[in-house]
Amino acid sequence: MDNRQKVINLIGLATKAGKTASGEFSTEKAVKTGKAHLVVVSEEASDNTRKMFMNMCTYYKVPICYFGGKGELGHAMGKEMRASLAIVDEGFAKAIVKLMNTIGGSGYESK
């Protein structure tokens with residue numbers, strides 16, 4: 001199993017554990033209330049969405065990464081397409097960041 005698949009699996013596990021927030025509104029709320037430990041934005045998200053989350057995560061000092069397609073992220077969460085999600089558990093966030101760093105070129109940016 002490659003690391004991309006491991007990231008997808010971790011997102012799925014975090015979702016089952018109730019440790020994710022997805023969709024633009026919920027992700028934004030998680031960041032602004034200080035609950036988000038990591039924001040994942042789909043590589044297919046619009047420039048506006050990417051820019052909005054980039055600015056927000058920079059301001060609130062939340063790590064952000066660009067990963068996967070909307071369908072891929074949605075599928076991992078057992079939902080429809082998702083352009084953004086927040087991991088609200090430090091353990092899951094750290095595990096995902098660690099994997100992202102091994103994949104490389106994922107657009108991971110730490111603040």
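This is a predicted model: local features need pLDDT of at least 70, side-chain atom pairs count only at pLDDT 80 or more; totals for chains, interfaces and linings use all residues.

Start by selecting K61, which is exposed at 65% relative accessibility. Residues are numbered from 1 along each chain as its sequence is written, and side-chain values use heavy atoms, with hydrogens and water left out.

**Around K61**

K61 is in the loop between α3 (47–60) and β3. Helices (H or I, at least four residues) and strands (E, at least two) are DSSP runs, numbered from the N terminus. Most residues other than glycine have a negative phi.

**Back into helix α3**

Now select α3, which has 14 residues. From its first C-alpha to its last, α3 reaches 20 Å, close to the 20 Å expected at 1.5 Å a residue. The expected span of a helix is 1.5 Å times one less than its number of residues. Colour T49, F53, M54, M56 and C57, which are buried in α3. An α-helix has 3.6 residues a turn, so residues three or four places apart point the same way. The buried residues of α3 pack against α2 (24–32), β2, β3 and β4; a contact here means heavy atoms within 4.5 Å.

**The tyrosines**

Show the side chains of Y59 and Y60. A search of the whole structure finds one aromatic pair, and Y59 and Y60 form it, edge-to-face, at 4.9 Å centre to centre with 80 degrees between the planes. Rings of Phe, Tyr and Trp (its six-membered ring) pair if their centres lie within 6.5 Å; planes under 30 degrees apart count as stacked, over 60 as edge-to-face and the rest as tilted. Y59 lies in α3 and is exposed, at 64% relative accessibility. Y60 is partly exposed, with a relative accessible area of 34%. Y59 and K32 are 27 residues apart in sequence, yet 9.6 Å apart in space, C-alpha to C-alpha.

Next select R50 and Y66. R50 lies over the face of Y66, at 4.4 Å from the ring centre. A charge sits over a ring if NZ of Lys or CZ of Arg is within 6 Å of the ring centre and within 35 degrees of the ring normal.

**Strand β3**

Select I64, which is in strand β3 (residues 64–66). Is I64 buried or exposed? I64 is buried, with a relative accessible area of 0%.

**Helix α1 and the cores**

Go to α1 (residues 3–16), which has 14 residues and reaches 20 Å from its first C-alpha to its last. Buried residues in α1 are V7, I8, L10, I11, G12, A14 and T15. Their cover includes β1 (20–22), α4 (70–76), β4 (84–87) and α5 (90–103). G18 follows α1 and has a positive phi, near 75 degrees.

Now select I11, L38, I87 and I96. These have the most contacts inside the largest nonpolar core, which has 20 residues. A nonpolar core is a set of buried Ala, Val, Leu, Ile, Met, Phe, Trp, Tyr and Cys residues joined through side-chain atoms within 4.5 Å. At least two core residues come from each of α1, β2 (38–41), α4, β4 and α5. α5 supplies the largest share, six residues. A second, separate core of 15 residues includes V31, A36, V41 and M54.

**The whole chain**

Zoom out. The chain has five helices and four strands, in the order α-β-α-β-α-β-α-β-α along the sequence. Of its 111 residues, 45% count as buried. The C-alpha atoms fill a box of roughly 35 × 25 × 25 Å along the principal axes.

Technical notes. Buried means under 20% relative accessible area, exposed over 50%, partly exposed in between (1.4 Å probe, protein chains only).
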